[in-house]
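Colleague: I have the file open. Can you walk me through a few spots in it?
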Amino acid sequence: MIQKGKKIWMDGRLLDWDSAQVHVLTHTLHYGLGVFEGIRCYETPRGPAVFRLREHLERLLRSAHIFMLQVPYSLQELQEAVLQTIRANELKECYIRPIVFVGTGAMGLYAVDNPVHVAIAVWPWGAYLGAEGLKKGIRVKVSSFVRGHPNSYMFRAKVCGYYVNSQLAKREAIACGFDEALLLDADGFVSEGSGENIFMVRQGVLRSTPLTTILEGITRDSVITFARDEGIPFEEARFSRDELYIAEEAFFTGTAAEIPPIRELDGRAIGQGCPGPITRRLQELFFQTVRGQNERYGHWLTYL
C-alpha cells in the first residue's frame with residue numbers, strides 16, 4: 001500500500017495529498033494515453049539525492065513527444081518540481097512518480113484539444129520484489145502473454161496503456177506461484193520482465209536484449225556503463241528462453257526493482273540457483289552509486 005504523504009505537485013502547485021484529484025471523465029482514465037516515469041531518491045551521507053533525475057525527465061518528455069502530448073513545463077521546471085515535492089513531504093528516501101495525462105473535454109479517440117496535465121507524487125517504497133529477492137534472487141515464469149510488435153507499440157515511450165499487457169503477465173506469474181513474469185517478443189525471443197529489463201551472463205559475457213521491443217531503461221543503461229568500466233564483456237543480442245535456462249547468471253534491472261537476481265526460470269535453476277559474481281558486482285556498484293559512495297558516478301546524483 002502507498003504510504004500517504006503530505007503534498008502532491010499538480011499543474012504547478014503543491015496540493016494537499018487528498019486534494020490532488022481528477023474528474024471521473026479524465027480522458028487518460030478511459031483510453032490509457034498518458035506517459036509517466038519512475039524515479040528514486042536515496043539517502044546519502046550528503047543528504048537525499050535523486051538518481052539520474054535529468055535522464056528520467058528527458059525520457060518523460062520524449063515519451064510525450066512521441067505521442068504528441070504538449071507538456072506545458074520545461075525540463076528545468078520539472079526538475080525543480082520533483083525536488084520541491086520531495087522537500088514538501090520531508091522524505092529522505094522515496095519513489096517518485098511524475099505523470100503526464102490528458103484531462104476532461106472531448107471523449108472518443110481523437111481528443112487533441114483536451115488539456116494536458118502534469119502531476120508528481122512521492123512516497124516511501126522499499127524493494128519492489130522484496131529485500132529477500134534482492135539478496136537471494138527471485139523465481140520467474142515465462143508468460144503466455146507476449147510483447148507487441150514494434151509497429152503496434154512504440155517502445156521508446158513509457159505509456160500508461162502499455163502496462164495492461166504487463167499486468168496480465170504479472171498476475172499470471174503470481175497466480176502460478178512465481179515472483180515475476182518474463183515476456184517474449186512477437187518472434188518468440190526474450191523481451192523483458194513485466195516492469196524490468198533483463199540481462200544474462202553466458203560464458204562470461206553479459207548480454208541484454210536489443211531495444212527493439214523493450215523500454216530504454218535508465219537502470220539498464222547504468223548497468224551497461226558499470227560493466228564496460230569494469231571490463232566485463234557486454235553485447236546486445238536477441239536470445240531465446242532456452243539460452244536463458246542454461247545461462248550462468250541472470251538478473252532484472254529497473255528503477256522500482258533495482259537489480260534483483262533471477263535464481264530460477266520456469267522451474268529451472270539459473271546457474272547455481274543463487275546470484276553469481278557478475279550480478280553481485282553490478283549490484284554492489286549500483287548501490288554504492290545511488291547512496292553517494294562512488295564518486296566516479298557522482299554526476300548521476302541530484303542532491304536536494
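Modeller: Start with Thr85, whose side chain reaches the backbone oxygen of Ala81 at 2.7 Å. Bear in mind that this is a predicted model.

Colleague: Which helix is Thr85 found in?

Modeller: Thr85 is in helix α3, which covers residues 75–89.

Colleague: And is Thr85 buried or exposed?

Modeller: Buried: its relative accessible area is 0%, and the cut-off for buried is under 20%.

Colleague: What does Thr85 touch, leaving out residues up to four places away in sequence?

Modeller: Thr85 touches Lys7, Trp9, Leu14, Ile120 and Val122.

Colleague: Okay, switching to α5. How far apart are its end C-alpha atoms?

Modeller: They are 18 Å apart. Helix α5 runs over residues 163–175, and at 1.5 Å a residue its 13 residues should span 18 Å, so the two values agree.

Colleague: Which residues of α5 are buried?

Modeller: Asn165, Ser166, Ala169, Lys170, Glu172 and Ala173. Looking down the axis of α5, these buried residues fall within an arc of 165°, so they line one face of the helix.

Colleague: What covers them?

Modeller: The cover over the buried residues of α5 includes strands β8 (138–146) and β9 (180–184). On the face turned away from the buried side, α5 carries the exposed residues Arg171 and Ala175.

Colleague: What happens just after α5?

Modeller: Gly177 comes there, with a positive phi of about 90°.

Colleague: New topic, the sheet with β11 in it. What is the strand order?

Modeller: The order is β13-β12-β11-β14, in an open sheet of 4 strands with mixed pairing. The edges are β13 (234–236) and β14 (249–253); each has a single partner strand, so one side of each has no neighbour in the sheet.

Colleague: How much are neighbouring strands turned against each other?

Modeller: By 25° on average, with direction ignored.

Colleague: How many bridges join β11 to β14?

Modeller: There are 5, and the two strands run antiparallel. Strand β11 spans residues 197–202, and Asn197 stands opposite Thr253 in β14.

Colleague: Remind me, what do strands of a sheet pair through?

Modeller: Backbone hydrogen bonds, and the pairing can be parallel or antiparallel.

Colleague: Last one. Which strands does α8 lie across?

Modeller: Helix α8 (residues 277–290) lies across β11, β12 (205–208) and β14. Relative to β14, helix α8 runs at about 30°.

Methods: Residues numbered from 1 in each chain as written. Predicted model: local features only at pLDDT ≥ 70, side-chain atom pairs only at ≥ 80, totals over all residues. Heavy atoms only, no water. Pairing = 2+ DSSP bridges. Axes fitted to C-alpha atoms, helices over the stretch in contact; angles between N-to-C directions. Contact = heavy atoms within 4.5 Å. Expected span 1.5 Å × (residues − 1). Buried < 20%, exposed > 50% of the residue type's maximum accessible area, 1.4 Å probe, protein only. Arc of directions from axis to C-beta. Polar contact = N/O pair within 3.5 Å; in protein donor to acceptor, adjacent residues only side chain to side chain.
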